[in-house]
Amino acid sequence: MSDAPPKVPGRGSGRVEDLLSESFPRMLMVQTTSACNAHCVFCPLPALRKEQPQGRMEQPLFERIIREAGEHPEVACINLFLMNEPLCDKRIVQRVFLAKEHNRKAQISLWTNAVNLTPSLTDQLLASPLGSLGVSLHAHNPEAYARATGRNDFHRVLGNLVHFVEQRLAKRPDLALVIRYVDASSYISPEERVELRRFWAEGEVDLDIDDGFLGRAGNLEAPAAPPEPLRRLNGCKALGGPKQAHVLYTGQVVLCCMDYGRVSDLGDLNKQTLSQIWRGERRRAALEMLFGQRDAEEGFLCSRCELAVPGGEECQCDPDIPPEDTWAGV
Ligand code: SF4
């Protein structure tokens, strides 16, 4: 008797073929630098960056990616961040302009810890075609902020963020803004939860208060992570997940923004176009494992992820979610 899990209708091979039928991703994440200026306890980067090469994306590679995307009017979202702190890139504003110039229909987004969000950079970003900004602030008092991020400048960062919120209301009310806090039990007290809503009430800010953090596909200890690597999977619960292209500063394309270990090598933009990688054999193999057409190989990224749907369970992922709605998700 086969030990394969029962087949769940409507998923599997059809889903893989649907994803591979798209000639180009509608959502891109581009890591223009691998740098970060915080040491958040719920991020794998502080430990990994000691053992991994780090660097900035060369401008010719960045321009090639953005120009190729510009040939595809279906591109809806270009996120100029990926496992990094994008405001550590001194060219980031120039890159926002360039991305928009070649992709008029796409929303250009950044996600930052606001450490470098000085009044001067606020002016530049608000004068740019940036469509949305996410901010990971994480705590609402200096002690908790230091524990969460390893930084001792909470009041300076908060002051800069308040300045950004005020200036945005005056100059760019169309610019979407999300402020994220994480792990309510450790870093935000119940009273602060209430206080936060009052504090940002007039800023027209979307507050996102997460009750915990993810294991980042096995890169961190996290309570909800699979205790053993999954051998059979049936999809991904993340909004962006496998529908989004993730480009490291080197040009390596990885499967997901969870891949801090850089293990899912789908291709190299120094040797191939993104379109070739997107429909390439390596992506096909990864999708076949993710959607349960075959067993996951040892070390497969998604096998350690709490957002993977175990084989035999029905995948509730919404394949038709608009790309514009995914920028603030994972
Ligand atoms: S299962 Fe996890 S690692 Fe795999 S694509 Fe989804 S979010 Fe990423």
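The crossing of helices α3 and α4 is right-handed. The model in which this crossing is found is a predicted one. Two packed helices are described by the angle between their axes and the distance between the axes.

**The helix pair**

- Helix α3 spans residues 59-70 and helix α4 spans residues 92-102; their axes cross at roughly 25 degrees and come within 8 Å.
- Angles under 35 degrees count as roughly parallel, and α3 and α4 are therefore roughly parallel to each other.
- On the α3 side, the contact is made by F62, E63, I66, R67, A69 and G70, which meet R95, L98, A99 and H102 of α4.
- Five nonpolar, two polar and three charged residues make up this contact of α3 with α4.

**The sheet**

- An open sheet with mixed pairing is formed by nine strands, in the order β6-β5-β4-β3-β2-β1-β8-β9-β10.
- The edges are held by β6 (206-209) and β10 (265-268); each has a single partner strand, so one side of each is left without a neighbour in the sheet.
- On average, and with direction ignored, neighbouring strands of this sheet are turned by 20 degrees against each other.
- Strands of a sheet pair through backbone hydrogen bonds, either parallel or antiparallel.
- Three bridges join strand β2 (residues 77-79) to strand β3 (residues 107-112) in the parallel sense.
- I78 has I108 in β3 as its bridge partner.

**The ligand surroundings**

- There are 14 residues around the ligand, of which C236, A238, C256, C302 and C305 come nearest.
- The shell around the ligand consists of 13 nonpolar residues and one polar residue, with no charged residue.

Note on methods
Residues are numbered from 1 along each chain as its sequence is written. This is a predicted model: local features need pLDDT of at least 70, side-chain atom pairs count only at pLDDT 80 or more; totals for chains, interfaces and linings use all residues. A residue is near a molecule or strand if its C-beta atom, placed from the backbone, lies within 6 Å of it. Ala, Val, Leu, Ile, Met, Phe, Trp, Tyr, Cys and Pro count as nonpolar, Asp, Glu, Lys and Arg as charged, and the others, Gly among them, as polar. Axes are lines fitted to C-alpha atoms, for helices over the stretch in contact, and angles run from 0 to 180 degrees between N-to-C directions. Helices (H or I, at least four residues) and strands (E, at least two) are DSSP runs, numbered from the N terminus. Angles under 35 degrees count as roughly parallel, over 145 as roughly antiparallel, 65 to 115 as roughly perpendicular and the rest as oblique. A crossing is left-handed if the near helix is turned anticlockwise from the far one by less than a right angle, and right-handed if clockwise. Two residues are in contact if their C-beta atoms, placed from the backbone, lie within 7 Å. Two strands pair if DSSP finds at least two bridges between them.
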